[in-house]
Structure formats: C-alpha cells, structure tokens
Amino acid sequence: MIYLIAGHDTHRPGAIAHNGLTEHHYTTELQHSVTWINNRLHIKTDDESFRLTEVIEWINSNITQRDLVIDIHFNNNNPRATGTEVFIHPDAGQRTRHIATEMVQGISRIVDIPVRRHVSTRDYKYPAESHIGTLGIIERVLLEGVPAAPVILLEVCFLNQRDLARYEPQKNNVAKFLYDLLIRHTPLIGNLDPKEEKRI
Ligand SMILES: [Zn+2]
C-alpha cells in the first residue's frame with residue numbers, strides 16, 4: 001500500500017508562494033495528479049482536512065514494512081534558494097534509501113533544479129538536517145513500536161518565482177514520474193518482476 005500524503009491541511013496551509021497560492025494548494029494538486037493517472041492503484045490519500053496528528057495516527061494503525069509513505073511538501077518562498085530535497089529517518093532501510101534517491105534525482109532532472117544535499121555522499125537528508133531540526137511524520141510513524149518506517153518527506157521545489165517557473169510546465173511529468181516510481185517499488189501492485197522484488 002502507498003500512502004500519498006499532501007503536506008499541510010485546510011487549517012494550516014503551510015508556506016505562501018510568491019504568487020499568493022499556498023503550499024497546501026501545490027501539495028494537493030500534485031497528490032491529485034498522481035492518483036488521477038490511475039485511480040485503481042492501491043494509493044491511499046489523506047483527506048485535506050486531516051491534521052498531521054490525525055494523519056500519523058491513521059498511518060500508524062495500518063502500516064507494514066512493505067508499505068510506503070510519501071509526504072509531499074514544497075519549500076518556502078526564499079527568493080535566493082533553489083532545488084529539490086528528500087528526508088528519511090537515519091535508521092531507514094535500504095529500500096527507503098533507494099526510493100528516496102531515485103525520487104530526488106528524477107525530480108531534479110525533470111524540473112531542472114539541483115538536489116539539495118547535506119553531505120555529498122548521499123542524496124537524502126535526515127530530519128536533524130532540516131531547518132526545523134525535526135520532522136514529525138518521519139519520527140512519529142512507527143513500525144512495531146519503533147521509528148524508521150518507510151517514510152519519505154519530499155520538498156519538491158521552492159515556492160519562489162525561479163523554481164515555480166521551472167516546475168509549472170513540468171508538473172504533469174513530475175506526477176507521472178512519481179506514479180511510475182511508486183508502483184515500481186511497492187509490492188502487490190504494478191511490477192512484480194523478481195529482480196525488483198529482491199531489493200525489498
Ligand atoms: Zn511543508
């Protein structure tokens with residue numbers, strides 16, 4: 001099962017873009033674009049009125065090691081910043097690291113913005129390396145009582161003029177790319193090629 005979460009909600013819509021639209025607008029739009037590609041997929045989405053605490057409780061009562069949680073975000077409207085980044089738990093498994101790496105490299109290529117790294121040896125970051133220093137969905141989703149569940153927090157790009165000018169014309173390609181990536185790496189659906197299965 002894939003949990004595709006649109007970061008932020010109608011109560012707290014997140015960052016405000018240079019054009020006045022909210023981060024919630026962009027996260028929901030991308031979430032809908034991915035699920036509209038094929039709504040027969042086993043993709044579960046949150047309701048846009050769900051607060052983060054409710055989302056985490058809902059995931060915690062269902063998640064297994066074979067599932068995948070993607071929490072979509074966009075970075076703030078800092079006019080000098082650019083790039084795409086992903087966050088995972090420092091103890092995340094190889095499958096999560098692999099998908100996070102493919103995700104951020106693919107978006108970087110499609111949108112034509114750099115990958116934002118903390119160290120050059122990996123393309124994903126840990127919550128302590130975020131500007132807040134902690135990321136609830138990564139640290140509070142538990143598998144058998146411990147964190148490091150297969151959770152990826154994606155910051156697609158910045159909500160400034162520069163990044164959005166690159167993202168807007170490519171947003172359907174980003175949705176298609178995410179869809180393909182998710183079905184390729186999530187068992188029970190899509191590709192059951194044994195070579196792919198071994199990685200899990
Ligand atoms: Zn956010």
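Reply: Here is a walk from the metal site out to the parts around it.

A quick note on the ground rules: this is a predicted model, where local features need pLDDT of at least 70, side-chain atom pairs count only at pLDDT 80 or more, and totals for chains, interfaces and linings use all residues. Residues are numbered from 1 along each chain as its sequence is written, and side-chain values use heavy atoms, with hydrogens and water left out.

Start with the zinc ion. Its protein donors are His 8 (NE2), Glu 23 (OE) and His 73 (ND1), lying 2.1 Å from it. Donors here are N, O and S atoms within 2.8 Å of the metal (3.2 Å for Na, K and Ca); water is not among the atoms, so sites may look incomplete. Along the sequence, the donor residues follow the spacing H-x14-E-x49-H. (Helices, H or I with at least four residues, and strands, E with at least two, are DSSP runs numbered from the N terminus.)

Buried means under 20% relative accessible area, exposed over 50%, and partly exposed in between, using a 1.4 Å probe and protein chains only. You'll find His 8 in the loop between strand 1 and helix 1, and its phi is near 75°, a positive value in a residue other than glycine.

Now follow Glu 23 into helix 1, residues 23-37. Other buried residues there include His 24, Tyr 26, Leu 30 and Val 34. Among the elements covering the buried residues of helix 1 are strand 1 (2-6), strand 3 (68-75) and helix 5 (161-185).

His 8 and His 73 also turn up at the largest pocket: of its 30 lining residues, those closest to the centre are His 8, Leu 52, Asp 71, His 73 and Ile 132. On a 1 Å grid over the protein atoms alone, a pocket is an open set of points where a 1.4 Å probe fits, with protein on both sides within 12 Å along at least five of seven lines; lining residues have an atom within 4 Å of a point. Strand 3 gives the largest share of that lining, four residues.

Note on methods: Contact means heavy atoms within 4.5 Å.
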